[in-house]
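Thanks for taking a look at this one with me.

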Amino acid sequence: SGEKRETQLATVDHHYRSTGQFPVPPEIQPNVDFWRHVYGIWSRGQVAIHDDEHMGVIYEVVKLPAPIQQGYTPLQKDLVQSRANYHRARVRGLEQRLLTGQPLSADDKALLAKFEKSGGSRAIYGAADRVRVQRGLRERFRRGVEISGRYDKAFREIMRAHGVPEDLAYLPHVESSFQTNARSGVGAAGIWQFMPATGRVYGMDVNGAIDERLDPIVCANAAARYLSAGHAKLGSWPLAITSYNHGKGGMMKAKAAYGNDIGTIVKNYKGRAFGFASRNFYAEFVAAREVASNASKYFPEGV
């Protein structure tokens, strides 16, 4: 039944609610669709092997052997690594055949067409260095939707009070899956993932005795203020949302180089710190909003 549901959801010609506030330009539609699959379709037992720049290029979705748990078993880790290495070798071979004018197999031509559709005629070059793996997060996201029921009403009231779109209440799905004591490897904490310094700037106590970054309501107020200021400075919600990950200064540089169209920025901007996470942050938000606001469709087993 899981496979049937996956096929139904995946084959729908998907139209995102591309409103004036949260547009989905063509350049990022494959990114949004990728994260929609990660959040609402692919389970923890599935691992997508894909191109980290041209997100429409998915080489394979590996089904992990049991047992399915939080981390990988040694057998699962070896399987994922060997499949990723297989696809690296595959695209490296194709690139070599193209450079030396050798004949292409049917498999080569199909893969090349996938790249051309996703990124143009030169997208295949360097693809071996862009092979990335992403495990499905469906169970974690579903749990996040359940937890969000405690906060959604309060978060929306806070967003409205600060004059920002109330759907920004979906942002913690991207940041933390609503895990209240989530901590990142770089030191961010809480549902809204504030760094210590940023938390203090927004008036939070962050010290050895107390850490207000773990208070979802305090942080929702701070996030609304941050996003409001980001929008005032950058002039669009996609850029303001991306600044939540990349910083307002970083997004000002991106805007200076490519204007305020998020599609053009994601496709072309090569800022020093504008890596995979920053490039995908807005697309993840749009995908999270899509899945969370249609929970009964994505989680028919119930939330």
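1. Which residues do ring pairs link into a cluster? They are Phe34, Trp35, Tyr39, Trp42, Phe141, Phe276 and Phe299. Rings of Phe, Tyr and Trp (its six-membered ring) pair if their centres lie within 6.5 Å; planes under 30 degrees apart count as stacked, over 60 as edge-to-face and the rest as tilted. By this rule the model has 19 aromatic pairs.

2. A word on the basis of these notes. This is a predicted model, in which local features need pLDDT of at least 70 and side-chain atom pairs count only at pLDDT 80 or more, while totals for chains, interfaces and linings use all residues. Residues are numbered from 1 along each chain as its sequence is written, and side-chain values use heavy atoms, with hydrogens and water left out.

3. Please look next at Tyr151. A pair of aromatic rings is described by the distance of the centres and the angle of the planes. The rings of Tyr151 and Phe155 count as stacked because their centres are 5.5 Å apart and their planes are at 15°.

4. Helices (H or I, at least four residues) and strands (E, at least two) are DSSP runs, numbered from the N terminus. Tyr151 has a relative accessible area of 14%, so Tyr151 is buried; Phe178 is buried too, with 2%.

5. Ser148 touches His173 and Phe178, leaving aside residues up to four places away in sequence; contact means heavy atoms within 4.5 Å. Ser148 counts as buried because its relative accessibility is 10%.

6. Two charged side chains also sit over rings. Arg156 lies over the face of Tyr170, at 5.0 Å from the ring centre, and the charged end of Lys248 is over the ring of Tyr226, 3.7 Å from its centre. The rule here asks for NZ of Lys or CZ of Arg within 6 Å of the ring centre and within 35 degrees of the ring normal.

7. Now for strand β1 (residues 46-51), where six of six residues are buried. Gln46, Ala48 and His50 point one way, and Val47, Ile49 and Asp51 the other. β1 pairs in the antiparallel sense with β2 (residues 58-63) over five bridges, and with β3 (residues 131-135), also antiparallel, over five bridges; two strands pair if DSSP finds at least two bridges between them. Ala48 has Val61 as its bridge partner in β2, and His50 has Arg132 in β3. A hairpin through six residues joins β1 to β2.

8. Finally, how many of the ten residues of helix α10 (residues 237-246) are buried? The count is nine, among them Trp237, Leu239 and Tyr244. The buried residues of α10 pack against α7, α9 (216-234), α11 (248-258), α12 (262-268) and α13 (276-293). Just after α10, Gly247 takes a positive phi of about 90°.

Notes
Buried means under 20% relative accessible area, exposed over 50%, partly exposed in between (1.4 Å probe, protein chains only).
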